[in-house]
Amino acid sequence: STTTTAGEAVATDAVEIKDYAFNPPAISVAVGTTVTWTNGDDFKHTTTSDSEVWDSGPIEPGAGFSQTFAEAGTYAYFCNIHNYMEGQVVVE
């Protein structure tokens, strides 16, 4: 398995929520991309923007949430239930 640090954004539009973590923790997408988070855990998580751009609300196990990024920037986010879970979307 590969591990990435927050400094290395992976080019993908899919983030898995698994084992109390966002995987990959940092992603890089083009403007206009829709990012989808999928909850692979057995309990609820959220994806909540630090700057209040989006808030998924509780995502049930096996369910997902999508957000389209129309503007370039770096968007930090966290799980509102487990606030030590953090991630980042870099839109270029």
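In this predicted model, pairs of aromatic rings join F22, W37, W54, F65, F69, Y75 and Y77 into a cluster. Ten aromatic pairs are counted in total. One of them is formed by Y20 and Y84, whose ring centres lie 6.4 Å apart with an angle of 35° between the planes, a tilted arrangement. This pair connects distant parts of the chain, since Y20 belongs to the loop between strand 2 and strand 3, whereas Y84 belongs to the loop between strand 8 and strand 9, 64 residues away. Y20 is partly exposed, because its relative accessibility is 37%, while Y84, at 54%, counts as exposed.

A second tilted pair is made by the rings of W54 and Y75, with centres 6.4 Å apart and planes at 55°. W54 is located in the loop between strand 6 (48-49) and strand 7, and Y75 in strand 8, so this pair ties together parts of the chain that are 21 residues apart in sequence. Both W54 and Y75 are buried.

The largest nonpolar core comprises 17 residues, and those with the most contacts inside this core are F22, V35, W37, F69 and V89. Two or more residues are contributed to the core by each of strand 2, strand 4 (26-29), strand 5, strand 8 (73-78) and strand 9 (86-91). In soluble globular proteins, nonpolar side chains tend to be buried together. When residues up to four places away in sequence are left aside, W37 touches V15, I17, F22, T47, W54, A63, G64, F65, Q67, F69, Y77 and V89.

Turning to the strands, four of them form an open sheet of mixed pairing, in the order 3-2-5-7.

Strand 9 is paired with strand 4 in parallel through four bridges, and S28 stands opposite V90 of strand 9. Strand 9 is also joined to strand 8, here through six bridges and in the antiparallel sense, with G73 standing opposite V91 of strand 9. Although Q88 and D50 are 38 residues apart along the chain, their C-alpha atoms are separated by 9.7 Å.

Conventions: Residues numbered from 1 in each chain as written. Predicted model: local features only at pLDDT ≥ 70, side-chain atom pairs only at ≥ 80, totals over all residues. Heavy atoms only, no water. Pairing = 2+ DSSP bridges. Core = buried A, V, L, I, M, F, W, Y, C linked by side-chain atoms within 4.5 Å. Buried < 20%, exposed > 50% of the residue type's maximum accessible area, 1.4 Å probe, protein only. Contact = heavy atoms within 4.5 Å. Phe/Tyr/Trp six-rings, centres within 6.5 Å; stacked < 30°, edge-to-face > 60°.
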